[in-house]
Amino acid sequence: MAYSGKVLVIDDDLNRGSNLADLASTAGFTASVERSLDSFNASLGEGSDWDVVLCDVQATPKAWAAEGASLRELNIQVPVMMFSNEPRSASMMRALRLGANDFFATPVEDSEALLASIERCVRLRTMSRELRRSRQDLEAANRELKNTVRVLEKDQQAGRQVQMRMLPTSPMVVSDYMFSHTIIPSLYLSGDFTDYFTVDDHYVVFFMADVSGHGSSSAFATVLLKNLFARKRSDYLRRSDNTILGPVAMLTLANRELLELDVGKYATMVVGVLDQLENSLQYSVAGHLPLPVLVSDAGAKYLEGEGNAVGMMPDARYNEYSLDLPEAFMLALFSDGILEILPPKNLIEKEAFFLDVFSRTADTPDELVSQLGLDTAETAPDDIAALFVSKRVSGE
C-alpha cells in the first residue's frame, strides 16, 4: 500500500538515520534526517507540519539525560517513535516513560511493522489536527454566537422599549374609575399585552391578550391586536361602526386576523366594555386563565367565562356576559404567567390560593401587586401581565 505523511528522522548516526528515511520514503512518506532533536523542540508543537518523528533514544535533548522531562513537558506534540541499536528492555522502558508511541530496535528486522506503526502515528497526528481545527472552529463559532446574542439582546431591548411605549397610561383615571397595569416579561419581549381606552363619553374598552410563545413573533402578534382595537375605535369615531363596543365581535375579528397572519400564533384573551353611566360590564373570554377576579364588599370571586383561544380555528364561537358592577369594586385580570409563581402544585389549588390572596389583601391594586411580589420582579418564568379596573365611591 502507498503511505503518505511527513516523517522526521533524528539520529546522530547519519548513515543509520538515512536508512530509516529511505525505508519511509520508499513506502511513500516524505522523510528528512537530522542529527539532534535539540534544535527541533520549538518546531514540534501543536501546529507543526511534521506527522511523526523517528528518534534515536540517545539523540535527545540534554534534559532527557536524567529522564527528567517527557515529550509533553517539552511541548513536543508530534507522535514520536524511538529506536535504539541496543535492543534491551531498559532502552524500551526508557522510551515509553518519556512518552514515545512505539519503540523499535535497529537494524529494523520487520519493516512492515515499522511502516504500519508510522502510519498509525500519521493517523493519530491527522486526528489531532482535525480536533484542533474543530476546537478552533467551535471557538470561532462561540465568538460569533456571543456577538450575535449581543446584537439580538440589543434588538430585543429596543423592541421591548417600543412595546412598553405601546402600553396605555398607568394609572388612567376616568371619573370614579381607575385603570392600571403591570407587565413583567420572561425575556426582553413579551407575548402578554393589555390596553384600555375611552370610547365616546361613557365607555371604556379594555382587553388582555396572552400570545403563545415568547420573543419577537409573539410580540408582533400583540402589535397586531393593539392595531386591530385602534382601527375599530377609529371606525366608531369616523363611521359610527359599533364593533369596538362588542366583545364577541372584537374576538371574532382578532381570531380571523391571527389566522390570516399565518405564523402559528394563538392568544387567550379577555375583552371588556365598561359603561360608566350604567356601572355595568359586558365582556367575553377566549380561553383565558385565570378568569377575571371581581373584589367588592361581598368578597372575591371569579367571573364566569369560556371560549376558544383566538387564532386556533376559523369557526370559533364566543359568548358575551353582562354584569352589573358593585358601587365600589376592583376587577383584576392576569395572564397565566401568574400561575407559574404561585406555591401550590396543581391548577385547582393555584386558583384557590390566588382567590384567597385577593380575599385577604386586595384593598388596592398596589397592595395586591406587592403581595404577589410583582413590584420587585424584573423577569419571570413566563410573561406576566396584570390589568386592574377599580371604582371608588364618590367623595372618597
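Trainee: What relative accessible area does D241 have?
Mentor: The model is predicted: local features need pLDDT of at least 70, side-chain atom pairs count only at pLDDT 80 or more, and totals for chains, interfaces and linings use all residues. Residues are numbered from 1 along each chain as its sequence is written, and side-chain values use heavy atoms, with hydrogens and water left out. Buried means under 20% relative accessible area, exposed means over 50%, and partly exposed is in between (1.4 Å probe, protein chains only). D241 therefore counts as partly exposed, its relative accessible area being 23%.

Trainee: Which residue meets D241 in a salt bridge at 3.1 Å?
Mentor: A salt bridge needs a side-chain nitrogen of Lys or Arg within 4 Å of a carboxyl oxygen of Asp or Glu. The bridge at D241 has an N to O distance of 3.1 Å.

Trainee: How many residues apart in sequence are E257 and R231?
Mentor: Their side chains meet in a salt bridge of 2.3 Å, N to O. E257 is buried at 13% relative accessibility, and R231 is partly exposed at 33%. Helices (H or I, at least four residues) and strands (E, at least two) are DSSP runs, numbered from the N terminus. E257 lies in helix α5 (residues 247–261) and R231 in helix α4 (residues 215–239), so the bridge ties together parts whose separation in residues is 26.

Trainee: In which helix do E119 and R123 both lie?
Mentor: E119 and R123 form a salt bridge with an N to O distance of 3.8 Å. E119 is buried at 15% relative accessible area, whereas R123 is partly exposed at 45%. The two are 4 residues apart, about one turn of the helix, and the helix that spans residues 111–166 is α3.

Trainee: Why is the pair of Y177 and F329 called tilted?
Mentor: Rings of Phe, Tyr and Trp (its six-membered ring) pair if their centres lie within 6.5 Å; planes under 30 degrees apart count as stacked, over 60 as edge-to-face and the rest as tilted. The search of the whole structure finds 10 such pairs. The centres of Y177 and F329 are 6.3 Å apart, and the pair is tilted because its planes stand at 55°.

Trainee: Which strand holds F329, the partner of Y177?
Mentor: Both residues are buried. Y177 is in strand β7 (residues 177–184), and F329 is 152 residues away. The strand of F329 covers residues 329–334 and is β15.

Trainee: Which residue has its charged end over the ring of W50?
Mentor: A charge sits over a ring if NZ of Lys or CZ of Arg is within 6 Å of the ring centre and within 35 degrees of the ring normal. K391 meets this over the face of Y177, at 5.7 Å from the ring centre. Over W50, at 4.7 Å from the ring centre, sits K6.

Trainee: What share of the 396 residues counts as buried?
Mentor: The protein has 8 helices and 16 strands. Contact means heavy atoms within 4.5 Å, and among contacts between residues at least 6 apart in sequence, 69% join residues at least 24 apart. Of the 396 residues, the buried share is 48%.
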